[in-house]
Every structure is written in C-alpha cells, then in structure tokens.
Amino acid sequence: MATDEWLARWKEGRIGFHRSAPHDALMRHWPSLGAEPGDKVLVPLCGKSLDMRWLAEQGHPVLGLELSSLAIEQFMAEGEAPVSRYTQGAFSCCRQGCIELWCGDFFHFHTAQAEELSAFYDRAALIALPEATRQRYAFHLAQLLLPGTRGLLISLMDMHSPEGGPPYSVADDEVERLFAANFELTHLETRPPDDSGKQESVWSLIRRGPRPA
Ligand SMILES: C[S@@+](CC[C@H](N)C(=O)[O-])C[C@H]1O[C@@H](n2cnc3c(N)ncnc32)[C@H](O)[C@@H]1O
C-alpha cells in the first residue's frame with residue numbers, strides 16, 4: 001500500500017487495525033525478553049498504538065515512527081502530559097513524557113538516528129507491507145540495530161484468504177526467511193485463529209553479528 005493510501009486511511013478513519021487496549025501477547029511475552037527499564041524501544045509503523053503507553057509504563061523510553069501526522073496528533077491528544085515539538089532531519093517529532101513519535105517514512109530513518117535503541121516491538125508493521133517491501137523492512141531494521149538488541153514481533157497468517165492485504169498474510173517460514181540471517185529467532189507462540197481465520201504468531205528476536213554492509 002502506498003504512502004498516500006495510508007494517509008487516506010487515517011483521514012477517513014479506516015483504522016480497523018487499531019486496538020483499544022495493549023496487546024495481551026505484548027504484556028505476556030515482553031518480560032521474557034529481558035529488556036531493562038531505561039532501554040529505549042523502537043516501534044516502527046507505530047500508528048497510535050496503546051502498546052507504546054504500556055511500554056512506557058514499564059519504564060522504557062519509546063521511539064515510534066509513523067507516516068501519518070493525524071495518527072500522531074490523535075495519540076498525543078489522548079495523553080495527558082504536555083507535548084513538545086521539534087524536528088530531526090526530515091522527521092517532524094512530538095514528545096510526550098518518555099514517548100517520542102517521529103512523523104515520516106521508516107525507510108528514511110537511518111543508523112545515526114538509531115544510536116540509543118536497545119529494543120524494538122513490531123505489531124502490524126511487517127504485515128502492513130507487501131511482499132517485496134517486507135524484505136527491505138527486515139534488512140533496514142537489522143541495519144538500524146546493534147548486535148544484542150532484542151525485540152518482539154507479532155506476525156499474522158490469514159488462513160481463509162492469504163492473498164491481498166493489508167494486513168498481508170505472512171507465513172511463519174517467511175518470517176524465518178526474512179530475519180534468520182541477522183537475528184536469532186525464537187517462535188514463542190502461535191495463537192488460535194480468530195473468527196475470520198486470522199492467526200497470530202509471536203516471536204522474540206535478538207540482533208546478531210555486526211551491522212550488515
Ligand atoms: C497496520 S498499521 C499498524 C499500526 C500499529 N503498529 C498498531 O499496532 O496499531 C500500519 C501503520 O504503519 C504506517 N506506515 C505504513 N508505511 C509506513 C512507513 N513506510 N513508514 C512509517 N509508517 C508507515 C501506517 O500509516 C499505519 O499507521
């Protein structure tokens with residue numbers, strides 16, 4: 001889906017992916033990653049996810065990256081703390097408490113801006129991207145993260161209609177193919193399918209080796 005289409009979705013309120021509570025797989029599995037309070041968490045393609053508030057409540061500074069300024073403004077409006085605004089390169093940024101949301105394209109976020117990151121969280125980011133872009137996403141994420149960086153990934157398979165998207169159906173073997181070169185990957189859980197045949201898998205990842213050239 002092109003940038004314009006995501007912006008149109010936000011403008012028209014077509015955000016069925018947004019959840020009104022933190023994801024229970026995040027709350028259940030995050031502690032097992034061993035991320036310490038104070039470790040900064042990257043949340044690519046973050047929308048206005050309440051998962052970021054949950055991560056902040058665990059003591060993590062959060063850096064969310066999102067194309068839509070509407071999503072970011074809605075997130076900030078739903079919070080109570082004051083908001084400060086600044087720019088970082090091409091990104092327009094807002095900070096509320098220990099949550100920073102940068103508005104712009106994840107693929108334009110570069111290594112020099114990623115120095116303080118110690119962890120990451122992907123729910124509905126990988127699966128928001130078409131097949132050709134998923135490869136680029138996995139590589140870009142690996143480039144941004146130092147060896148040892150830990151993350152939680154929630155992927156999704158659509159058992160009834162695996163074609164089309166978003167959300168795109170991403171089989172477990174594709175997740176392994178995409179990440180295995182640069183991450184130690186552990187499959188934590190496959191959840192029962194929902195009524196529409198969508199089934200989530202939960203993964204822990206640890207960035208290994210040197211940054212790819
Ligand atoms: C399926 S939603 C998931 C949002 C969030 N992770 C959640 O769980 O609610 C995908 C989000 O990624 C944003 N997005 C899509 N492509 C992007 C890109 N290249 N860079 C930054 N954000 C992007 C969209 O605007 C949308 O808000």
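Me: How many bridges join strand β4 to strand β5, and do they run parallel or antiparallel?
Reply: Five bridges join β4 (residues 91–96) to β5 (residues 99–103), and the two strands run antiparallel. Strands (E, at least two residues) and helices (H or I, at least four) are DSSP runs, numbered from the N terminus. This is a predicted model, in which local features need pLDDT of at least 70 and side-chain atom pairs count only at pLDDT 80 or more, while totals for chains, interfaces and linings use all residues. Residues are numbered from 1 along each chain as its sequence is written, and side-chain values use heavy atoms, with hydrogens and water left out.

Me: Which residue is the bridge partner of S92 in β5?
Reply: The partner of S92 there is C103.

Me: What is the strand order in the open sheet?
Reply: The nine strands follow the order β3-β4-β5-β2-β1-β6-β7-β9-β8, with mixed pairing; two strands pair if DSSP finds at least two bridges between them. At the edges are β3 (83–88) and β8 (183–190), each pairing on one side only.

Me: Which strands does helix α4 touch?
Reply: Helix α4 (residues 69–78) packs on the sheet and touches β2 (62–66), β3, β4 and β5, where contact means heavy atoms within 4.5 Å.

Me: Changing topic, which residues have the most contacts inside the largest nonpolar core?
Reply: They are L42, F109, Y137, L141 and F179, in a core of 32 residues. Such a core is a set of buried Ala, Val, Leu, Ile, Met, Phe, Trp, Tyr and Cys residues joined through side-chain atoms within 4.5 Å; buried means under 20% relative accessible area (1.4 Å probe, protein chains only).

Me: Which element gives the largest share of this core?
Reply: Helix α5 does, with five residues.

Methods
Axes are lines fitted to C-alpha atoms, for helices over the stretch in contact, and angles run from 0 to 180 degrees between N-to-C directions. Buried means under 20% relative accessible area, exposed over 50%, partly exposed in between (1.4 Å probe, protein chains only).
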